[in-house]
Amino acid sequence: MTTATVRQDGDTLAFSGALERAAVASLWAQLRTLGPGLRRIDLGAVSRVDSAGLALLSELCARSSIAQVNGDPPGLAELRAAYRLDEALNFAS
């Protein structure tokens with residue numbers, strides 16, 4: 001079983017664990033309890049990201065005013081390139 005968590009630290013969402021398909025539903029449930037004013041995502045404690053994890057992150061960025069994503073866990077750069085997303089997980093032009 002894949003374990004991943006998210007917590008709000010001021011204006012930052014701090015993720016940990018593996019952001020993979022098996023964890024995404026649980027993460028969405030955790031995200032419903034977070035407060036407003038989010039500006040950053042911290043992936044420093046993330047062990048890896050798959051396409052479901054990337055979808056979760058990019059949807060969070062699209063729904064909120066998150067403008068900064070910190071950290072580069074395994075899988076993220078390759079998926080960003082494949083889906084043509086920039087460093088803030090927006091579609092690159």
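The model is predicted; local features need pLDDT of at least 70, side-chain atom pairs count only at pLDDT 80 or more, and totals for chains, interfaces and linings use all residues. Residues are numbered from 1 along each chain as its sequence is written, and side-chain values use heavy atoms, with hydrogens and water left out.

**Stop 1**

Two strands pair if DSSP finds at least two bridges between them. Strands (E, at least two residues) and helices (H or I, at least four) are DSSP runs, numbered from the N terminus.

To check the hand, point the strands away from you: the crossover is right-handed if the path from the first strand over the helix to the second runs clockwise.

**Stop 2: threonine 12**

Go to threonine 12, in strand 2. Its relative accessibility is 15%, so threonine 12 counts as buried. Buried means under 20% relative accessible area, exposed over 50%, and partly exposed in between (1.4 Å probe, protein chains only). Show its contacts (heavy atoms within 4.5 Å). Beyond its neighbours within four places in sequence, threonine 12 meets Arg7, Leu38, Arg40 and Asp42.

**Stop 3**

Select residues 4-9. Strand 1 runs antiparallel to strand 2, and six bridges pair them. Glutamine 8 is the residue opposite leucine 13 here.

**Stop 4: strand 4**

Strand 4 lies parallel to strand 3, with three bridges between them. Pick aspartate 42; its bridge partner in strand 4 is asparagine 70. Then show residues 51-63. This is helix 2, and strand 3, helix 2 and strand 4 make a right-handed β-α-β unit.

**Stop 5: isoleucine 66**

Move to the loop between helix 2 and strand 4, where isoleucine 66 lies. Isoleucine 66 counts as buried because its relative accessibility is 6%. Which residues does isoleucine 66 touch, not counting those up to four places away in sequence? They are Leu13, Leu38, Arg39, Arg40, Ile41, Leu60 and Cys61.

**Stop 6: the whole chain**

Zoom out. The chain has three helices and four strands. From the N terminus, the order is β-β-α-β-α-β-α. The radius of gyration is 12 Å, close to the 12 Å that the globule rule gives for 93 residues, so the chain is as compact as a globular protein of that length. That radius is taken over C-alpha atoms, and the rule is 2.2 Å times the number of residues to the power 0.38. The C-alpha trace spans about 30 × 30 × 20 Å along its principal axes. Of the 93 residues, 38% count as buried. Among contacts between residues at least 6 apart in sequence, 68% join residues at least 24 apart.

Last, colour by pLDDT, the predictor's confidence in each residue, from 0 to 100. The chain mean is 91, and 97% of residues reach 70 or more. Confidence is highest in strand 3, at a mean of 97, and lowest in helix 1, at 92.
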